[in-house]
Amino acid sequence: MNNRIIISTDCTCDLPDELLEKYSIQIVPFYILMKDIRFQDYTEVTSTSLLEYVEQDNEKISSMPPSVEDYRAHFLKLAGEEKRTIIHASISSKLSDAYMNARDAAADMDNVFVINSGIISHGLGIFVLRAAELASRNAPSELILSELKKIQPRISTSFILKTTSYLANNNRLNTMRSNLLSLFKIKPILRIKNNEITVDGAFIGSRTSYAKKYIRKVLKDKKNISDEILFIAVSGCSEEFQQIIIDEATKLIKWKKIYIHDVSATNFCNIGPGSIGVMFCTQK
Amino acid sequence: MSKIKKVVNYILHVRDKGRTINISGLYIAFALISLYAVIMGIVCFIKSDVIMGITNIVIALVMTLTILMFSKIKSHTVLSVFVVIFIYTLMVYFLYEGGVGGVSIMWLLFVPVAGMALINLYYGSILSLLLGITVPLYMFTPLHYLGYQYSEEYRIRFPIIYWAFFILALVIFIRIERSEEAQKEMVKKADEANRSKSEFLANMSHELRTPMNAIMGMCELTLNEEIPENVRENNENIHQASKNLMSIINDLLDFSKIESGNMELSCSQYRLSEVLNDVLYMTSARKGGKKIEYLVDCDPDIPDVLYGDELRIKQIMINLITNAIKYTEEGGFLLSVSHRREKYGINLIISVKDSGIGIQKSQLGKIFNAYGRIESEKVHAIEGTGLGLPITKKLIKLMDGVINIKSRYGEGTEFKVVIPQKVIEDTPIVTINKTDKRYKFLCCFNADGIPDFITHSFLNTFTTAMKRLDATLYNSQNIDDIIFESRNGRYTHVLISEKDYSENKTYFDDLAKKCFVIVMQERNSKIILGSDVVRLYKPFYIKKFCEIINRPFNVKNKDTSPDAFIAPKAKVLIVDDNIVNLKVAVGQMGTYRMEIDTASNGIAAVEMVKHKKYDIIFMDHLMPGMDGIETHREIRQIEKDYAKKIPVIALTARSESDIGGLYIKEGFQGFMPKPIPSSALRNTLLKWLPAEYIKKKENDA
């Protein structure tokens, strides 16, 4: 009988398939709404397939989290008859009701632990990977949960947005502020940490210029950054541009592993095309 | 706040779209009262009588809203006039009172811009002109002594500055208006050009397909004859080339239609099982000589009866499968069809995954670009217009669906399409009859050289059926193993490949007398099976497999061959003005050994129907004199019972989706394109001929 703990997370973790398969991480898909049609993120639609609809056809898209019933069905399916232990890491509760729904779904399931990661995208991915690595070594649930508590404040998650109109469309930002930012071509940097979202500066200028400045800014404190793994989240960026970002990041720190990956459709709905995110762990 | 927003939006809506205004005395009175109340309200505020000011403003608002909400005659200009009078009165009052503090008269400079922007150019100009006349009148005539005393300098400069602003605003807004009119003109011309283009395309479709029908039809007729081998080979080459050309013509016409925005969906109720049957039948031959496996994995619980554009969904599947065949040299590909429930019906999920050459990441962006093909050594040798995928994507977008690609260069590609569809009936695509018998299945599937994802899916098809039946499955890659297991007589069904069958024919023919022996066979296979052996044509999906399971043992040798019927008692009339088309149609239908009459025009056809009872009529649309639609109407007018009920199938050289809706509306029982696809002809005859006329064709043996 396989007693290994099952690690589950939301599709907003943006982890590439190779890592999901390597650690058998289970995904709960969000929903994407477009023209009154509801698609499932990760299984039916990706940020790449949405890009053209959004850029060329100006379609409005929005996301919604899985319902309590969806989470319940997911946990029951994973747990199976043996009622295996599940640790589910959720996207920041500030950004979505997903954590609340998952928690409600697991309310009467002793074998399911739902954690609010307080972060998104690859930051959540790093969080989940830590759990998955421990689970693969058959660590008990208490150890995994305690390690996650320790790593949580050390994960740095930030994005620089090319446009804030998607945040405004999803009621996460005042429309007037978004219009003002667009008017003056200001690219804000959003930092997500401990379930809080703050604006950590802004840049103007050409795309390459502000991207490089952003990378330099977030990787400024080199001594305190763990070089184990760097995740770069991109949305609708060309290969050439991705290479520019990787080169800039590599100039500053000799990373052991770099993953550059498209964001999920859910994250794309909020950050829009052309945005970049950088996620890594700090030493303390 | 939302209520205020609603009121504001309503007023803006009236301004833009117009609203009915009743010119009865009551509403005029209301208008004057509200105008007076506004002015009095402002006067009261200035005189610090706040309560009276508010009262007057409220009265004015109520009066105005009453007019807007309850009035009847359509005229948004009345609102504009009302606004102009109101603003003018206000401005004059402002002028007389010196504005707030006297110098606020400068705010009047905004009247031209505000008037032209908020009302419209015409009424804004009138308002500004009125004010432009009133201001100097006030400043330079004894009227000046009745109100506020402006300084000498002001009295001279202000009118000049005002007129300068007015003229500037006028010039700007006239240019804006002209530019808007020019745009409207451009849109109108573009619409006209589009209409011309769509008519041209429709005509082209007919002009191109008619000779193609002749070429392809004549080739097929020739190939059905006894001809020398070298002539046969040449004809086959001509036939294949003409099919390729027809495919290119179809793609070009479709693409032109899409690009000109003239592509429309033709939605109706359809059966997903029929779509899959047609797609598998049409694409099975496209593998040609390639030794690649073609498998289908279909979710048995998908609702069968859906609402959508059946033809275009078929086209999407065929395009993706054709693409997979083109770019796969070894291994195989898998067509998966599944679904997910939603409030509006289902999301139909179609995926084609192959073990082909794959696509480089840098080239993925060009995949759906009609004007740029992928640059790759591996692709250079592969023929094609490159329009299949761009057309597929456009069609998916029209259906509000999405398409995703995953690919690894050198390893393979997966296309996944998600299309929302309404569900008409919840009956699943597959039903398995409940039975008390315990079924045991033996299956030999040799997975050598076949990618894991295909093998997995193949076994999944059977595993699903086994679970439903509460049956057991023993699977082996070794035929000797299967033979050994089958000797013990415990198994009810044995499933093998045609290669394994032909190498052990005697044994399996004998085994077929005791249990179901099912041979998975390619459609173009020449291997003759024993009379008790069941043929399962590849590619197959779970429904076909379950149809065999659902059969009682004593009908196990029912041939699943789709072409195995004749109808010698059926009387058919074909109507077409083109002799070549007639000859082709007669040749195609000849294989069913029906009694066929022909007519070369509508009048002759009507006469023939008056004197003979036909079982089905195939009617060309475009004919000189009386066209197919008129002829159909005349036939229905004939005072004979059978004339009202004969199934009439339209034949058209135009694209089906262009014109299919028209035929249905006119009361035709169906329609088929020219050249007539043999599968469509077969299905039509099976559907409309009386069941007692259909006879099994003599067995291959």
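**View 1. A:Arg38 and its surroundings in the predicted model.** A:Arg38 touches residues of both chains. In chain A, leaving out residues up to four places away in sequence, the contacts are A:Tyr31, A:Ile32, A:Leu33, A:Glu44 and A:Met64. In chain B they are B:Arg340, B:Glu342, B:Tyr344 and B:Asn347. A:Arg38 sits in strand S4 of chain A. Its side chain makes a polar contact with the side chain of B:Glu342, at 2.9 Å. The model shown here and in the views below is predicted.

**View 2. The contact between chain B and chain A.** How many residues does each chain bring to the contact? Chain B gives 18 residues and chain A gives 18. About 1600 Å² is buried between the two chains. Carbon and sulfur atoms account for 44% of that area. Between the chains, 13 residue pairs are in polar contact, counting pairs with both residues at pLDDT 80 or more. On chain B, the side that touches chain A draws at least two residues from each of these elements: strand S4 (332-342), strand S5 (345-354), helix H12 (388-398), strand S6 (402-408) and strand S7 (412-428). S6(B) supplies the largest share, four residues. By class, this side of chain B holds six nonpolar, four polar and eight charged residues.

**View 3. A salt bridge across the interface.** Side chains of opposite charge can pair when their charged atoms come close. Four salt bridges are counted between chain B and chain A. One of them joins B:Asp400 to A:Lys35. The closest N and O atoms of B:Asp400 and A:Lys35 are 2.9 Å apart.

**View 4. A salt bridge within chain A.** Over all chains, the whole structure has 37 salt bridges. Among them is the pair A:Glu228 and A:Lys256, with the closest N and O atoms 3.0 Å apart.

View 5. Strand S9 (residues 187-193) and strand S10 (residues 196-203) of chain A run antiparallel. Six bridges join them. A:Ile192 has A:Ile197 in S10(A) as its bridge partner. Two residues lie between the strands of this hairpin. In the turn, A:Asn194 has a positive phi of about 50°.

**View 6. A β-α-β unit in chain B.** S14(B), helix H18 (residues 579-590) of chain B and S15(B) make up the unit. Which hand does it have? The unit is right-handed. Its strands, S14 (residues 571-575) and S15 (residues 595-599) of chain B, pair in the parallel sense. Five bridges make up the pairing. B:Leu573 has B:Asp597 in S15(B) as its bridge partner.

**View 7. Two backbone exceptions, one in each chain.** Most residues other than glycine have a negative phi, and most peptide bonds are trans. A:Tyr42 is not a glycine, yet has a positive phi of about 80°. A:Tyr42 lies in the loop between strand S4 (37-40) and helix H2 (47-55) of chain A. In chain B, the peptide bond from B:Lys538 to B:Pro539 is cis, with omega near -10°. B:Pro539 is in the loop between strand S12 (534-538) and helix H17 (542-549) of chain B.

Notes. Residues numbered from 1 in each chain as written. Chains lettered and ligands numbered in written order. Predicted model: local features only at pLDDT ≥ 70, side-chain atom pairs only at ≥ 80, totals over all residues. Heavy atoms only, no water. Pairing = 2+ DSSP bridges. Right-handed = clockwise from strand over helix to strand, strands pointing away. Contact = heavy atoms within 4.5 Å. Buried area = accessible area lost by both parts, 1.4 Å probe. Salt bridge = Lys/Arg side-chain N within 4 Å of Asp/Glu carboxyl O. Polar contact = N/O pair within 3.5 Å; in protein donor to acceptor, adjacent residues only side chain to side chain. Nonpolar A, V, L, I, M, F, W, Y, C, P; charged D, E, K, R; others polar.
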